[in-house]
Amino acid sequence: MTKIKGLSRVKEEDPIVVKVQGQTQANTLNYWMGRNTPLRFLMLDYCERTGAVFEYTRFHVDGLRISSTKTPHDLEMEDGDIIDANSNQSGG
């Protein structure tokens, strides 16, 4: 069974479900959100729930890095679209 996290800011008539896919299957979450909700809320929640550090985590849609100020509407996202989350690693 797939769990879907609803963001509290959904007040719109036409919400979508967006999948955030991490580097492992355990780090894959689904979000129900409004088309005009800034993706920052999704990104911060994803990092909190997976233990990732927000400042070092990059989010991409169709291979393009996305800004936290963008909305699903800005990116022309559709129901079921996937956001890839990757943590930048440093060290040697």
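This is a predicted model: local features need pLDDT of at least 70, side-chain atom pairs count only at pLDDT 80 or more; totals for chains, interfaces and linings use all residues.

Q: OK, which order do the elements of the protein chain run in from the N terminus?
A: It goes β-β-β-α-β-β-β, which is 1 helix and 6 strands.

Q: And how much of the chain counts as buried?
A: 34% of the 92 residues. The accessible surface is about 6100 Å², with 44% of that belonging to carbon and sulfur atoms.

Q: Switching to salt bridges, how many are found in the whole structure?
A: The search turns up 2. In one, D14 pairs with R35, with the closest N and O atoms 3.0 Å apart.

Q: Where do D14 and R35 lie?
A: D14 is in the loop between strand 1 (4–6) and strand 2 (16–21), and R35 is in the loop between strand 3 (28–33) and helix 1 (39–50), so the pair ties together parts that are 21 residues apart in sequence. D14 is partly exposed at 45% relative accessibility, and R35 is partly exposed as well, at 22%.

Q: What does R49 form a salt bridge with?
A: D45, with the closest N and O atoms 3.9 Å apart. Both lie in helix 1, 4 residues apart, or about one turn of the helix.

Q: Is D45 buried or exposed?
A: Buried, because its relative accessible area is 15% and the cut-off is under 20%. R49 is partly exposed at 43%.

Q: Last one: where is T71 found, and what does T71 touch?
A: T71 is in the loop between strand 5 (64–65) and strand 6 (82–87). Leaving out residues up to four places away in sequence, T71 touches R35, N36, T37, P38 and L39. T71 counts as buried, at 8% relative accessibility.

Notes:
Residues are numbered from 1 along each chain as its sequence is written. Side-chain values use heavy atoms; hydrogens and water are left out. Helices (H or I, at least four residues) and strands (E, at least two) are DSSP runs, numbered from the N terminus. Buried means under 20% relative accessible area, exposed over 50%, partly exposed in between (1.4 Å probe, protein chains only). Accessible areas come from the Shrake-Rupley method with a 1.4 Å probe; for residues, only the protein chains shown count as cover. Contact means heavy atoms within 4.5 Å. A salt bridge is a side-chain nitrogen of Lys or Arg within 4 Å of a carboxyl oxygen of Asp or Glu.
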